[in-house]
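Hi there,

Here is the structure I promised to send over. Have a look at it first, and then read my notes below.

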Amino acid sequence: MFEEPIRKRNLFSLTPLIDVVFQLLIFFMLTTSFLQSQTLTVVTPAESKTQLPEDSRVVEIWLMGNGSMKVAGKPTSPETLSDDLKQAVGTRKDITVTILAENGSKTQALIQAIEAARGSGAASVGTARVEKLER
Amino acid sequence: MIEFDEPTPRRPFETMVPLINVVFLLLIFFLLAGTMQPGEDVDVTLPSGQVDDRDTQQPLTIIVEKDGFVWLGKSVVDPALSGYRIGDYIKTSNAVAVAIKSDAQAPAESVLRLMEELRKAGVKQVTILTEPAG
């Protein structure tokens, strides 16, 4: 009788390695997040509207409770806010943009207003919350 | 002389090596490309924005929920009622910079109230987290 040829065994088995690598892969797939957030530095608001300056050098953005916006009294939309504000500020360098948020206005609108104010070339930006804006 | 056919060596059903290569590649990708953040219990949809100040420091994060309630670490407060708790929280954590992680639909009033309290508590810099638009 012939002896069975001795099978050459692998030096080491790959199976446990693959098990571990799969575990690690699944762990990293579940725990990593690719959500990139950006930061917007803001000026802390005044305690009330009365602490903000009120004269010809102030352009006001009103955030109404129903979601609409007004720049210097004129109605605007989130899309046209930036352009309208630039027009209201004009080329003057001493303009203060004041953002007044009525009860019921949303954070998204506030962010849009702050960004528009930043891009308008105004000298400073102030924010305040008010119970109700006069229409 | 009788000639025997050489026994053809039996190949493994499918070789594992390319699989392992791909898995390793994925592993290294997730290791390098992802950032690990501690999970939060609050579901917040960040407001979208265009401006990025690239403030890379990791300050204290305060979350404002969709209904306007504020999360100070593990506890929830209504900013309209308990401003002193916010001041207290800032004092105990000794923060001078605070990041506000607010829901896009949260009342602006809550965020502004929170910012007022932060200023009263001596916070020097407040940033609002947004996500890139589009």
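What follows is a short tour of the contact between the chains and of some strand pairing.

A word on conventions first. This is a predicted model, in which local features need pLDDT of at least 70 and side-chain atom pairs count only at pLDDT 80 or more, while totals for chains, interfaces and linings use all residues. Residues are numbered from 1 along each chain as its sequence is written, chains are lettered from A and ligands numbered from 1 in the order in which they are written, and side-chain values use heavy atoms, with hydrogens and water left out.

Let's begin with the interface. Chain A brings 38 residues to the contact and chain B brings 47, where contact means heavy atoms within 4.5 Å. About 4,300 Å² is buried between the two chains, 63% of it on carbon and sulfur atoms; buried area is the accessible area (1.4 Å probe) that two parts lose on being put together, summed over both. On the chain A side, A:Gln38, A:Thr39 and A:Arg129 lose the most area to chain B, together 18% of what that side buries.

A:Arg129 turns up again in a salt bridge: its side chain meets that of B:Glu116 at 2.9 Å, N to O. The count between the two chains is one salt bridge (a side-chain nitrogen of Lys or Arg within 4 Å of a carboxyl oxygen of Asp or Glu). Several elements of chain A supply at least two residues each to the side that touches chain B, among them β2 (38-42) and β7 (124-130); helices (H or I, at least four residues) and strands (E, at least two) are DSSP runs, numbered from the N terminus. The most comes from α1(A), with eight residues.

The chains also share strand pairing (at least two DSSP bridges between two strands). β1(A) pairs with β1 (residues 35-36) of chain B in the antiparallel sense over two bridges, and A:Thr32 has B:Met36 as its bridge partner.

Within chain B, β3 (residues 60-64) runs parallel to β6 (residues 97-102), with five bridges between them; there, B:Ile62 stands opposite B:Ile100. β3(B) is also joined by two bridges to β4 (residues 70-72), this time antiparallel, with B:Val64 and B:Val70 as bridge partners. β3(B) and β4(B) form a hairpin with five residues between them, and B:Gly68 in the turn has a positive phi of about 95 degrees.

Best wishes
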